[in-house]
Amino acid sequence: MTRIQDSRVHSPNSFRRELGLTDSAAVVAGGIIGVGIFANPSNVARVVDEPLLILIVWAIGGGIALIGAFVWAELASRFPDVGGQYVYLQRAYHPVVGFLYGVALLFIINGGSLAAVSILFASYVDRSFVALGPAGIRIVAAAALISLTAVNVVGVRAGSRTNNWLMAAKVAGMLALVALAFSRGLHPASHFDASPAVVFRGASVHVLLTALVPILFAYGGWQSCANIAAEIKDPARNLARANVLGVIAVVVLYLSLNLAYLWVLTPAQVAASPALAADMARAAAGEAGARFVALLIVVSSLGFLAVVILTGPRLIYAMAADGLFFRRAAELHPRYRTPVFALCFQAVVSLALLTTNTYDQLLSYVVFADWLFFGLTAGALVIVRRRPAPPSSDIARAPGHPWTTAVFIAVAAGIVVNSFFAYPAQSLIGSAILTAAAIAFFVTR
């Protein structure tokens, strides 16, 4: 694998290194910020009802995400190759582990997410701006997927610029939402009592872990940027820095938004809200505020789609380069230097899930699949640390390893085990899919 990937990265027919640190950090942050932060705080408030404890568990979730960012940063500095997480798993374990991650990413994680978020995007357009109807929602959702795929076909720079603009719009909208919340005055709706007896009243390990589940979903996505390592300038340095900077920026934004929610609404109102961000904006600025939030969610949805469409096909390219996927997926367009076949294949999978309505079931598998491979990837760092490596100055070492890495692995294991209790059917079916893929791997090999 090393010979194949190195030759592709440095040959005249390889990817073009056109992305700098800012572009890469925008991809990291854009892969995290979707629509979860506009709704998931309600799920958290249903579990913990003290305002300061709500902020604390969101900070803990941000800390776990930051540990993950440091782990991925070190792995990226050791293996700055196209394919990211697939490469880390393939190098540390048997090649079948990397293959299984690629299968899960294409058919479960990315495929289901793209279908679901495109539907959410079109639904908000229908609800707040232009009446589309059921058929129109499907058409607009498909058009969004096809348009963003076409943008990425014509070059990584075009895809990155699209993501940068959408990311800037998302951040500006979130900051405006925070400013809108605090414009209502100095007296918050929630009562912030800093007494430990009040803050941690009723708290337990089980309660905190339950509250962390929707939080970690909202923080997920820092791993996406690693897939485009072959198109980043000086990836050993810039990719590692982008991971950390992108996650830190998101943690600050998420904590600010949660404080804004609690400034305008009480924890009970946050917990009862079916459309939290819109309800908060409506309370602060009337229907104009709610309409602004709808526009923000539309932009955030498009931003998430842009990042996933940009990064996912690079992993498929890496698998194809190793002979683990259709050979055409390892070919780049002669002019644009993009994996056109992989981009189109990902779009076809997402469109199939979009039109058959199976995407809603597949989204339930994301919990199991995503965190299964998150834990395995963190374990890969433990393995590669024992092997010979480049000089230490070339590696962005994860601080606190192995203790911080062990904490991350333990959290991932807890989420995977809990998924069998929370979503038994989906987790068992997801396990069956991965088992079938493993059997197919060894039979075809």
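**Close-up views of a predicted model**

View 1. Gly84 sits in the loop between helix H4 (51–78) and helix H5 (85–92); helices are DSSP runs (H or I, at least four residues) numbered from the N terminus, as are strands (E, at least two). The model is predicted: local features need pLDDT of at least 70 and side-chain atom pairs count only at pLDDT 80 or more, whereas totals for chains, interfaces and linings use all residues. Residues are numbered from 1 along each chain as its sequence is written, and side-chain values use heavy atoms, with hydrogens and water left out. With a relative accessible area of 0%, Gly84 is buried (buried means under 20% relative accessible area, exposed over 50% and partly exposed in between, for a 1.4 Å probe and protein chains only). Not counting residues up to four places away in sequence, Gly84 touches Ala226 and Asn227, where contact means heavy atoms within 4.5 Å. Gly84 and Gly312 are 228 residues apart in sequence, yet their C-alpha atoms are 9.9 Å apart in space. Helix H5 is mostly covered, with eight of its eight residues buried; among them are Gln85, Tyr88 and Arg91.

**View 2. Asn152 in helix H7.** Asn152 belongs to helix H7 (residues 133–153) and, at 2% relative accessibility, counts as buried. Leaving aside neighbours within four places in sequence, its contacts are Gly159, Ala306, Ile309, Leu310, Thr338 and Leu343.

**View 3. Aromatic pairs.** The structure holds 18 aromatic pairs. Rings of Phe, Tyr and Trp (its six-membered ring) pair if their centres lie within 6.5 Å; planes under 30 degrees apart count as stacked, over 60 as edge-to-face and the rest as tilted. Phe326 and Phe345 form a tilted pair, at 5.7 Å centre to centre and 55° between the planes. Phe326 lies in the loop between helix H13 (276–321) and helix H14 (340–356) and Phe345 in helix H14, so this pair ties together parts that are 19 residues apart in sequence. Phe326 is partly exposed, with a relative accessible area of 48%. The ring centres of Phe368 and Phe420 are 5.3 Å apart and their planes stand at 85°, so that pair is edge-to-face. Phe368 in helix H15 (residues 359–384) and Phe420 in helix H16 (residues 403–422) are 52 residues apart, and their pair links distant parts of the chain. Phe368 is buried at a relative accessible area of 5%, whereas Phe420 is partly exposed at 32%.

**View 4. Helix H16.** The end C-alpha atoms of H16 are 28 Å apart, which agrees with the 28 Å that its 20 residues should span at 1.5 Å a residue; the expected span is 1.5 Å times one less than the number of residues. Thr405, Phe408, Val411, Ala412, Ile415, Val416 and Ser419 are buried in H16. Seen down the helix axis, the buried residues of H16 fall within an arc of 135°, so they line one face; the arc is that of the directions from the helix axis to the C-beta atoms. The face of H16 turned away from its buried side carries the exposed residues Trp403 and Phe421.

**View 5. The nonpolar cores around and apart from Trp371.** The largest nonpolar core has 148 residues, and those with the most contacts inside it include Trp222, Trp371 and Phe408. Such a core is a set of buried Ala, Val, Leu, Ile, Met, Phe, Trp, Tyr and Cys residues joined through side-chain atoms within 4.5 Å. H13 supplies the largest share of this core, 25 residues. Not counting residues up to four places away in sequence, Trp371 touches Leu216, Phe217, Trp222, Val366, Phe408, Ala412, Ile415 and Val416. Ring pairs also link Trp72, Trp371, Phe374 and Phe408 into a cluster.

View 6. Most residues other than glycine have a negative phi, and most peptide bonds are trans. A cis peptide bond joins His401 and Pro402, with omega about 10°; Pro402 is in the loop between H15 and H16. Asp234 has a positive phi near 45° and is found in the loop between helix H10 (205–219) and helix H11 (235–264). Arg337, in the loop between H13 and H14, has a positive phi of about 60° although it is not a glycine. Asp234 is partly exposed at a relative accessible area of 40%, whereas Arg337 is buried at 8%.
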